[in-house]
Amino acid sequence: MKKSIVYILSLTLLASVFASCSEDDLNGTSVITADSYTKNEFDKWLEQNFINGYNIEFKYRYEEIESDYNYYTVPAKLSASIQMAHLLKYLCVETYDEVAGITFTRNYFPKEFFLIGEWEYRNNGTYILGTAEGGKKILLAGINYLPSVLTGSDVAENLNYYYVKTIHHEFVHILNQTRNYSTDFQVVTGNGYVADSWSEEPYSDSKVYLKRGFISAYAQMEHKEDFAEMLSIYITTTAEQWEALLEEAEGIYDADKQGTTTGRQLIEAKLDIVRAYMFNVWSINIDDLRKTIQRRQADVVAGKVNLTDLTVK
């Protein structure tokens, strides 16, 4: 089963964040078959840091069979792929090593990542940031925009929005596919899921979806996406950012006729179930996970992590 993370396309936001991306940025992409290349320094670094330690295959060369034939896709730029590999290692793989132990990471972290340069655009004004498939593979899209994110404004916010949260979101799907969460979760806002209408008015408005008890517009699609959004957003936002979302969720969205239950109460009720699932099933305290991600991300933003080093130790 394939699970996707989809967001509403904002042309204004894309133009402001990625203004520096041009045709010249496509130099260094790699279109190649799986068996027709000679290992370069990046391949040797990946072998040491992903394959030998975790049995994770990090595919950055374009392989048509790995892509989704329903979308026009392009190769990931080599330099951006190197940056993404470092981010994946430092912000995700090693985060779970630190919080849950390396045995957990080796057993449950996806065994394959496949990168493509552009996002997968849909005909309803939304685009796919990533997908999880079969409990073992994650596709990450829009990689060619990563250098612009890392050198632009609001680095932490955009890094989370387009990439880091996506990885954690898709990993939640994989955990859920391995051991499911309580059915209590899906009944908290059971009458509130709206399928593909989540990207349309009024559901795309934060003043609406938060008061309806959903942490994002996409969370309204169905309970599996809701669960993944709850955890991935919680651990990639600061306590202050999370509280700001809950404050906006105060109140009741009358159209749903939810009585006296506020959006904040509904979100907090679902977070309690998410918290219990992660601790009881996986022995992970989500507050410890959040602190670790925030600390490591601060290191990246401060330039303390070399995202281009290919030294094999």
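Colleague: Why does Asn55 count as exposed?

Modeller: Its relative accessibility is 54%, and exposed means over 50%, while buried means under 20% and partly exposed lies in between (1.4 Å probe, protein chains only). Asn55 is therefore on the exposed side of the cut-off. Before we go on: this is a predicted model, where local features need pLDDT of at least 70 and side-chain atom pairs count only at pLDDT 80 or more, though totals for chains, interfaces and linings use all residues. Residues are numbered from 1 along each chain as its sequence is written, and side-chain values use heavy atoms, with hydrogens and water left out.

Colleague: Where is Asn55 found, and what is its phi?

Modeller: Asn55 lies in the loop between α2 (41–54) and β2 (57–59). Its phi is positive, about 60°, although Asn55 is not a glycine. Ser283 also has a positive phi of about 60° without being a glycine, and its place is the loop between α11 and α12 (286–301). With a relative accessible area of 56%, Ser283 is exposed.

Colleague: How do you know what to call a helix or a strand?

Modeller: Both are DSSP runs numbered from the N terminus: a helix is H or I over at least four residues, and a strand is E over at least two. Residues 206–209, for instance, make up helix α8, and Val208 sits there.

Colleague: What makes Val208 buried?

Modeller: Its relative accessible area is 8%, which is below the buried cut-off, so Val208 is called buried.

Colleague: Which residues does Val208 touch?

Modeller: Leaving out residues up to four places away in sequence, Val208 touches Pro202, Tyr203 and Tyr253; a contact means heavy atoms within 4.5 Å. Pro202 is in the loop between α7 (184–188) and α8, and a cis peptide bond with omega of about 5° joins Glu201 to Pro202. From C-alpha to C-alpha, Val208 is 9.3 Å from Gly263, although 55 residues separate them in sequence.

Colleague: Why is strand β5 described as largely enclosed?

Modeller: Of the 8 residues of strand β5 (residues 126–133), 7 are buried, so the rest of the structure largely encloses this strand.

Colleague: How do you know which strands pair with β5?

Modeller: Two strands pair if DSSP finds at least two bridges between them. Strand β4 (residues 120–121) has 2 bridges to β5 in the antiparallel sense, so that pairing meets the rule. Tyr121 stands opposite Tyr127 there. Strands β4 and β5 form a hairpin with 4 residues between them, and Gly125 in its turn has a positive phi of about 90°. Strand β6 (residues 137–140) runs antiparallel to β5, joined by 4 bridges. Thr131 is opposite Leu139, and Gly130 has Leu140 as its bridge partner.

Colleague: In what sense do β3 and β6 pair?

Modeller: Strand β3 (residues 112–115) and β6 are parallel, with 4 bridges, and Phe113 is partnered with Ile138. Lys137 and Leu139 point one way from β6, Ile138 and Leu140 point the other way, and all of them are buried.

Colleague: What makes something a cavity?

Modeller: Rolling a probe the size of a water molecule over the atoms shows where empty space is left. On a 1 Å grid over the protein atoms alone, a cavity is a set of points where a 1.4 Å probe fits but cannot get out; lining residues have an atom within 4 Å of a point.

Colleague: Which residues line the largest cavity?

Modeller: Among them are Met84, Cys92 and Tyr163. Helix α3 (78–100) and helix α6 (155–178) each supply at least two lining residues, and α3 gives the most, with 5. The lining has 8 nonpolar, no polar and no charged residues. Nonpolar covers Ala, Val, Leu, Ile, Met, Phe, Trp, Tyr, Cys and Pro; Asp, Glu, Lys and Arg are charged, and the others, Gly among them, are polar.

Colleague: What is the average pLDDT of the chain?

Modeller: The average is 86, and 83% of the residues score at least 70; pLDDT is the predictor's confidence in each residue, from 0 to 100. Over residues 7–33 the pLDDT stays under 50. Where pLDDT is low, the predicted coordinates should not be read in detail.

How values were computed:
1 Å grid on protein atoms, 1.4 Å probe; cavity = no way out; pocket = protein on both sides within 12 Å on 5 of 7 lines; lining within 4 Å.
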